[in-house]
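I opened this notebook to keep track of what I looked up, item by item. The entries follow the order in which I went through the model.

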Amino acid sequence: MTEGSGTDWMAVAADLDAADPLAGFVDRFEPAEGVVAYFDGNSLGRPVRGTAHELARFVQQDWGTRLIRGWDEAWMRWPEETGDLVADAALGAAPGQTVVADSTTVLLYKVLRALADAQVTAAPDRTQIVVDTDNFPTDRYVAEGVVAERGMELVWIEADPASGVTVDQVDAVLGERTAVVLLSHVAYRSGFLADAATITRRVHAAGGLVLWDLCHSAGSVPIELDAWDVDAAVGCTYKYLNGGPGSPAFAYLAQRHHATVRQPIQGWMGRRDPFLMGPGYEPAPGVRSLVSGTPPVVGMVPLRLSVAQLAEAGIEAVRTKSLALTDLAWQIVESWPAELGVSIASPRDHARRGGHLTIRRHDFADVNARLWEQGVIPDFRAPDGLRLGLAPLSTSFTEVATGLQAVRAHLA
Ligand SMILES: *Cc1c(COP(=O)(O)O)cnc(C)c1O
């Protein structure tokens with residue numbers, strides 16, 4: 001294969017599709033009429049085929065005929081049960097440590113606040129929450145809120161927006177006052193994959209606890225929460241997990257913390273024996289205590305289907321394809337003439353690369369708008385980034401080549 005502007009990328013992509021063991025999964029998503037290339041599976045994953053049927057079946061049979069009996073028969077246990085499905089397919093976590101409930105933002109607040117409370121209760125001088133300047137806005141805002149409530153202090157790591165938070169940067173801020181470190185596993189802008197195993201070890205060595213935001217890694221990058229000894233994690237299910245717009249998030253809390261960590265929204269559904277309607281709050285045993293109110297049952301229906309499909313494909317195979325997809329995108333962009341002024345603002349190293357790439361050029365805001373009109377759908381990130389999220393199960397290599405050809409056509 002010769003690289004450079006002379007390469008026939010459509011032919012290269014066709015060969016990659018022919019050799020792709022996961023190629024059959026692409027047709028197991030709902031077809032999207034008028035969409036030529038979808039590069040936003042990291043922002044809103046596509047619906048798995050059968051989602052409409054399953055939702056209709058749920059309405060007609062489960063909800064329609066079981067009515068309120070459905071709660072006792074099944075739905076009451078869905079937060080933990082669906083959490084275990086996600087944990088098994090995507091998180092490397094044994095059962096009984098994950099729930100599905102609320103939005104990512106709300107779960108992030110509950111878990112961060114709970115870990116912070118546990119730390120300052122055990123050691124009143126541990127008042128620092130560590131975050132980075134390039135973390136997703138909601139993570140930064142939630143952390144600002146928790147320190148304000150608890151009279152704690154934020155310690156900012158200045159992250160490079162084209163890469164991400166390094167082990168050395170974390171080491172430099174850790175100390176006797178570290179309470180909790182909150183970081184994204186994959187940076188939402190650059191796609192930088194943090195060294196979660198090493199960072200978790202370093203945080204623990206300093207006496208801190210770690211909370212990983214897995215929104216951009218769950219479903220595309222293998223995660224080993226138990227093996228890495230992570231304290232807690234949260235993440236979205238509507239990105240690479242294909243749960244649908246606003247599908248509820250997941251939270252993981254390691255078994256060892258279940259007896260001591262108390263989350264702040266003490267609702268009846270997280271209480272021991274909720275239907276006793278008894279006086280005073282007493283947390284339910286285990287990870288159930290992270291639940292606050294009535295579980296978002298309808299919102300979990302598509303997710304249960306898509307997570308089963310992910311489990312069938314296997315996260316290691318998904319990762320292999322993900323790296324091949326981003327490699328192809330990388331090679332195509334690199335073959336463009338330098339005078340076009342496009343640069344890549346993502347890590348080249350496979351060990352540090354997540355499932356998406358960001359490319360930059362001064363006029364990408366305009367280009368993005370024109371691409372959307374043609375059915376080529378990347379994502380624009382201010383000030384000049386075009387984000388290419390290549391969801392491995394639903395994206396073909398040909399789609400990558402076709403979409404980038406359309407981008408290239410706007411740059412001449
Ligand atoms: C998408 C995303 C969120 C979104 O949080 P919501 O409460 O679902 O809006 C949070 N954190 C990160 C890192 C994300 O990528």
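Entry 1, a helix on the sheet. I began with helix 4 (residues 78-91), which lies across strand 2 and strand 8 (250-253) and runs at about 115° to strand 2. I note here that the model is a predicted one, and I read what follows with that in mind.

I traced an open sheet of 7 strands with mixed pairing, and I wrote down the strand order as 2-8-7-6-5-3-4. Strand 2 (98-100) and strand 4 (153-157) are at the edges and have a single partner strand each, so one side of each is left without a neighbour in the sheet.

I picked strand 5 (residues 178-184) and strand 6 (residues 209-213), which run parallel and are joined by 5 bridges. Within this pair I looked up leucine 183, whose bridge partner in strand 6 is tryptophan 212.

Which residues are the closest to the ligand? I found 13 residues around the ligand, and the closest are Thr105, Asp213, His216, Tyr238 and Lys239. By class, the shell divides into 4 nonpolar, 6 polar and 3 charged residues.

For threonine 105, I noted a polar side-chain atom 2.6 Å from an oxygen atom of the ligand. Lysine 239 likewise places a polar side-chain atom 2.6 Å from a ligand oxygen atom, while an N or O atom in the side chain of aspartate 139 is 3.1 Å from a nitrogen atom of the ligand. On its own the ligand has 390 Å² of accessible area, of which the protein covers 86%. The elements that give two or more residues to the shell are helix 5 (104-122) and helix 6 (137-150).

I checked the peptide bond from alanine 382 to proline 383, which is cis with omega near 5°; proline 383 lies in the loop between strand 12 (379-381) and strand 13 (385-389). Aspartate 273, in the loop between strand 8 and helix 9 (301-313), has a positive phi of about 45° although it is not a glycine. I marked both places because most residues other than glycine have a negative phi and most peptide bonds are trans.

How values were computed
Residues are numbered from 1 along each chain as its sequence is written. This is a predicted model: local features need pLDDT of at least 70, side-chain atom pairs count only at pLDDT 80 or more; totals for chains, interfaces and linings use all residues. Side-chain values use heavy atoms; hydrogens and water are left out. A residue is near a molecule or strand if one of its heavy atoms lies within 4 Å of it. A polar contact is a pair of N or O atoms within 3.5 Å; within protein, one must be able to donate a hydrogen and the other to accept it, and residues adjacent in sequence count only if both atoms are side-chain atoms. Accessible areas come from the Shrake-Rupley method with a 1.4 Å probe; for residues, only the protein chains shown count as cover. Helices (H or I, at least four residues) and strands (E, at least two) are DSSP runs, numbered from the N terminus. Ala, Val, Leu, Ile, Met, Phe, Trp, Tyr, Cys and Pro count as nonpolar, Asp, Glu, Lys and Arg as charged, and the others, Gly among them, as polar. Two strands pair if DSSP finds at least two bridges between them. Contact means heavy atoms within 4.5 Å. Axes are lines fitted to C-alpha atoms, for helices over the stretch in contact, and angles run from 0 to 180 degrees between N-to-C directions.
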